[in-house]
Amino acid sequence: RAKEQGKNTYHIYTPSLNVQTYKIFTLERDLRKAIENKELELYYQPMVHAISGDIVGVEALIRWNHPEWGMVSPDEFIPLAEETGLILKLSRWVKEATFYQNKAWQKAGLPAIPISINLSAHRFLHKDILKNVSDFLNESNLDPQYLQFEITETILMENQETVLSILSELKKMGVKIALDDFGTGYSSLAYLKQFKEIIDTIKIDRSFIHDLQDEDTQYILSSIVDLAHHLNMSVVAEGVENQEQLNISRKFKCDIIQGFIFSEAVPADRFETLLKMERLEPIETMSEKTDKT
Ligand code: C2E
Ligand code: MG
Ligand code: MG
Ligand code: MG
């Protein structure tokens, strides 16, 4: 299989080079041009109020439609963007694209909701981040409460002091902060209290939600939610795919649901259609969902 793919597309292919290595090579090579070539696009996934079904936020998720490989997952190319330093350019593009999209929705009279953007560790720890965000807010005239940055707990844990000071400055500008992929790192619950004034939202990682039929996992979820609420943080259950996971997330008082049960990440025009709906209803089965596209 590897051989066929290589043969069809590139002459430099040699049997010693496996497809994955070859793919990484081409992705790295093409990433620089991807923005100019308009191969990057933002998809939007709704965050849904656990009880009412209202859309209360949206996460912007980057997609790369590569001419040779088709849709490439951000998990594959974000690390490459970080290694090559292209992440700065890419982050700027994401920020600007979300901004124009947000404005367009507001112009169209759609309800104003916060847009969440993922910040990679490299981007986050770059010295220009504060000036960059404040310049952006000034130039764009975007109400900062409609902008949320998602950072992972790994960034927090590895650079506590630097991160704490950067985050406090961001908070002063009025933007919101979410802690992404919570429950996957080496974090302890205890450190959360240090970030009481800073983190608005905790996003429980989907690997965790995946195991929710397990009772011990439910106890842990329950403790996380209680603690988060005690610290005035709201909780997003990420990756909720079925009715059982939805029920358990609700039972243990997660505030917001983000997952295929309501919608996957979709292009801007399809997200607009969702925004116009009164409320989102759970999608019954995964096969039904696939049929809809
Ligand atoms: P993330 O920030 O944790 O985003 C959530 C991921 O879970 C998304 O994957 C989303 O499509 C997926 N997801 C949501 N609901 C479900 C579900 O019910 N089931 C399953 N199986 N998956 C679900 P995606 O879009 O592939 O993004 C992967 C990661 O790439 C993101 O994880 C984020 O860390 C990174 N990423 C995406 N866009 C950007 C970006 O613009 N900048 C940066 N720095 N990183 C990004
Ligand atoms: Mg995220
Ligand atoms: Mg996440
Ligand atoms: Mg992630």
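Where is Lys-23 found?

Analyst: Lys-23 is found in helix 2, residues 19–34; helices (H or I, at least four residues) and strands (E, at least two) are DSSP runs numbered from the N terminus. The model is predicted, so local features need pLDDT of at least 70 and side-chain atom pairs pLDDT 80 or more, whereas totals for chains, interfaces and linings use all residues. Residues are numbered from 1 along each chain as its sequence is written, chains are lettered from A and ligands numbered from 1 in the order in which they are written, and side-chain values use heavy atoms, without hydrogens or water.

Lys-23 has a relative accessible area of 14% and is therefore buried (under 20%; exposed is over 50% and partly exposed in between, with a 1.4 Å probe and protein chains only). Leaving aside residues up to four places away in sequence, Lys-23 touches Trp-69 and Glu-76, where contact means heavy atoms within 4.5 Å. With Glu-76 there is also a side-chain to side-chain polar contact at 3.2 Å. Such a contact is a pair of N or O atoms within 3.5 Å, one able to donate a hydrogen and the other to accept it; residues adjacent in sequence count only if both atoms are side-chain atoms.

Helix 2 also bears on the cavity. The largest cavity is lined by Leu-31, Arg-32, Ile-35, Leu-86, Lys-89 and Leu-90. Helix 2 and helix 4 (87–107) are the elements giving two or more residues to that lining. The largest cavity holds about 30 Å³ of space. A cavity is a set of points on a 1 Å grid over the protein atoms alone where a 1.4 Å probe fits but cannot get out, and lining residues have an atom within 4 Å of a point; points are joined across faces, edges and corners, and the volume is the space filled by probe spheres set on them.

Donors are N, O and S atoms within 2.8 Å of the metal (3.2 Å for Na, K and Ca); water is not among the atoms, so sites may look incomplete. Asp-180 is buried at 6%, whereas Asn-118 is partly exposed at 33%. Asp-180 also coordinates the magnesium ion (ligand 3), 4.2 Å from ligand 2.

Note on methods
On a 1 Å grid over the protein atoms alone, a cavity is a set of points where a 1.4 Å probe fits but cannot get out, and a pocket is an open set with protein on both sides within 12 Å along at least five of seven lines; lining residues have an atom within 4 Å of a point.
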